[in-house]
Amino acid sequence: MLLPCTAFTLISLVLQRMSGRLSGQRSRTSLSLAGLMACLAALLVSTGVIYLYVDSLQGAAEQAGYPQTSCRPGHFKISNMKSCAAWLQCAQVRADVRPLKLIGQGAVKKVYLAEWSGQKVALCRLASQDYLEDFLHGLGMLQALQDTAVVQLVGLCAEDHSFVTEYHPHGSLLNLEGVFAQEQHQFHDTWQIRLRLALDYVSILHFLHNSPAGRRVMCDSNSLEKTLSQFLLTSDFRLVVNDLDALPKVDVGGGLLVKCGHQELTGDFVAPEQLWPFGNKPFSDDLMPGYDEKTDIWKVPDVTRFIMGGVRGGDLVHFHLFQVHNECKREEPKLRPSALDVLRVYRSVYSIMVRDALKSRDAL
Ligand SMILES: Nc1ncnc2c1ncn2[C@@H]1O[C@H](COP(=O)(O)OP(=O)(O)O)[C@@H](O)[C@H]1O
Ligand SMILES: [Mg+2]
């Protein structure tokens, strides 16, 4: 980008020498001034271009699902806040966060739309003492895994069994069809936006499987609905993972496998290795073998199918994803691709399809 400036300087020097020979000192001064101005202009333009380039790289990285946190650890920035602030602590959560209405309830938490300092936030409170351990595990994970893939933590008060997160008015991914059905959002209902949501979902899995807190399995996902309810749909149609209450750690090298709960799992949404393998013999948690993060990969095609819905152009997306989805459904977990493998295929399908769509638009 500095090339134009160098070129201008060189040209100006050459012209200076020539003009010096031809017409003396005055024209030499005006030419060198012109050269200097041109150089400054070129510098300004190139700085602008560099800025735009870096900005576009950042945008592309975010689009591709690479995490970029904007605040230092222990800080947050929501809606129109100008700068990052430290997580609210007990005193502030108690005094300044005012619950307005219940907006969600799972087994572990009651979630309220709340108001803090003129902003809407979500206040999460333990719903039942039976799930205190899960609640604290989830809170610990939220603190450890703050990233653009994860809902922002705004404040916490572990001793009151409550914490505060960024509020996302569209709610969970379960609401996707309802949101797209609203008149003001119908123009967002395109295969591009839906496929990007699927990309976000797979890149969240990749993040959890390679997280700063180790390889984590998204366990609270025994049905499609349950799985969808753990992700939030942001106002700009991206996904963040919200519920981290059941994220056990796998260490295949160290022989550490996981089990998602202590009850028998059934149905074909869960991976085959999560099913009781000993036929008619009564279920026993002690005898049930453990498994790893490939259970999440098994579920990818079903979640993506939900995200794509019946959108125009969706058939072509399914066609392109057919092979990788078949691989996700391999009985043998080791033969399934990693989240990164899937993400790479999704990214290339996304860019190929966008390119083709542009080409056919240009051909019209
Ligand atoms: N920050 C938030 N913004 C908007 N809705 C939320 C938020 N957090 C939770 N919810 C709603 O509450 C529901 C339950 O939250 P979740 O954390 O999954 O609780 P549980 O651990 O009990 O399953 C979510 O599915 C979503 O609909
Ligand atoms: Mg939940």
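A helix crossing is left-handed if the near helix is turned anticlockwise from the far one by less than a right angle, and right-handed if clockwise. By that rule, the crossing of α6 and α10 is left-handed. The contact between these helices is made on one side by W191, Q192, L195, R196, A198, L199, V202, S203, L205, H206 and H209 of α6. Contact here means heavy atoms within 4.5 Å.

The model is predicted, so local features need pLDDT of at least 70 and side-chain atom pairs count only at pLDDT 80 or more, while totals for chains, interfaces and linings use all residues. Residues are numbered from 1 along each chain as its sequence is written, chains are lettered from A and ligands numbered from 1 in the order in which they are written, and side-chain values use heavy atoms, with hydrogens and water left out.

Stay with the helix pair. Helix α6 covers residues 191–209 and helix α10 covers residues 339–363. Their axes lie 9 Å apart, at an angle of about 160°. Axes are lines fitted to C-alpha atoms, for helices over the stretch in contact, and angles run from 0 to 180 degrees between N-to-C directions. The two helices are therefore roughly antiparallel to each other. Angles over 145 degrees count as roughly antiparallel, under 35 as roughly parallel, 65 to 115 as roughly perpendicular and the rest as oblique. By class, the contact of α6 with α10 has 16 nonpolar, 4 polar and 2 charged residues. Ala, Val, Leu, Ile, Met, Phe, Trp, Tyr, Cys and Pro count as nonpolar, Asp, Glu, Lys and Arg as charged, and the others, Gly among them, as polar.

Now step back to the whole chain. Its secondary structure comes to 10 helices and 11 strands. Both are DSSP runs numbered from the N terminus: helices are H or I with at least four residues, strands E with at least two. Of the 364 residues, 42% count as buried. Buried means under 20% relative accessible area, exposed over 50%, and partly exposed in between, with a 1.4 Å probe and protein chains only. Among contacts with a separation of 6 or more, 64% come from residues 24 or more positions apart.

The cysteines come next. How many disulfides are there? The count comes to 3 disulfides, a disulfide being a pair of cysteine sulfur atoms within 2.5 Å. With bonded cysteines counted along the chain, the pattern is 1-2, 3-4, 5-6.

Take C71 and C84. Their sulfur atoms are 2.1 Å apart. The link is left-handed, with -85° about the S-S bond. C71 sits in the loop between α2 (25–63) and β1 (75–76), and C84 in the loop between β1 and β2 (85–86), 13 residues apart. C71 counts as buried at 15% relative accessibility. C84 counts as partly exposed at 30%.

C90 and C157 are joined with an S to S distance of 2.1 Å. This link is right-handed, at 95° about the S-S bond. C90 lies in helix α3 (residues 90–96) and C157 in strand β6 (residues 153–157), so the pair ties together parts that are 67 residues apart in sequence. Both cysteines are buried, and C157 has a relative accessible area of 0%. Leaving aside neighbours within four places in sequence, C157 is in contact with C90, V93, R94 and S162. L139 is 18 residues from C157 in sequence and 9.7 Å away in space, C-alpha to C-alpha.

C219 and C260 are joined with an S to S distance of 1.9 Å. The torsion about their S-S bond is about -75°, so the disulfide is left-handed. C219 is in the loop between β8 (215–216) and α7 (224–229), C260 in the loop between β11 (249–250) and α8 (294–308), and the two are 41 residues apart. C219 is buried at 5% relative accessible area, and C260 counts as buried at 7%.

What surrounds Q274? Q274 is placed in the loop between β11 and α8 and counts as buried at 2% relative accessibility. Beyond its neighbours within four places in sequence, Q274 is in contact with C260, L265, M288, Y291, T295 and K299.

Two further cysteines deserve a look. C124 counts as buried at 4% relative accessibility. C328 counts as buried at 0%.
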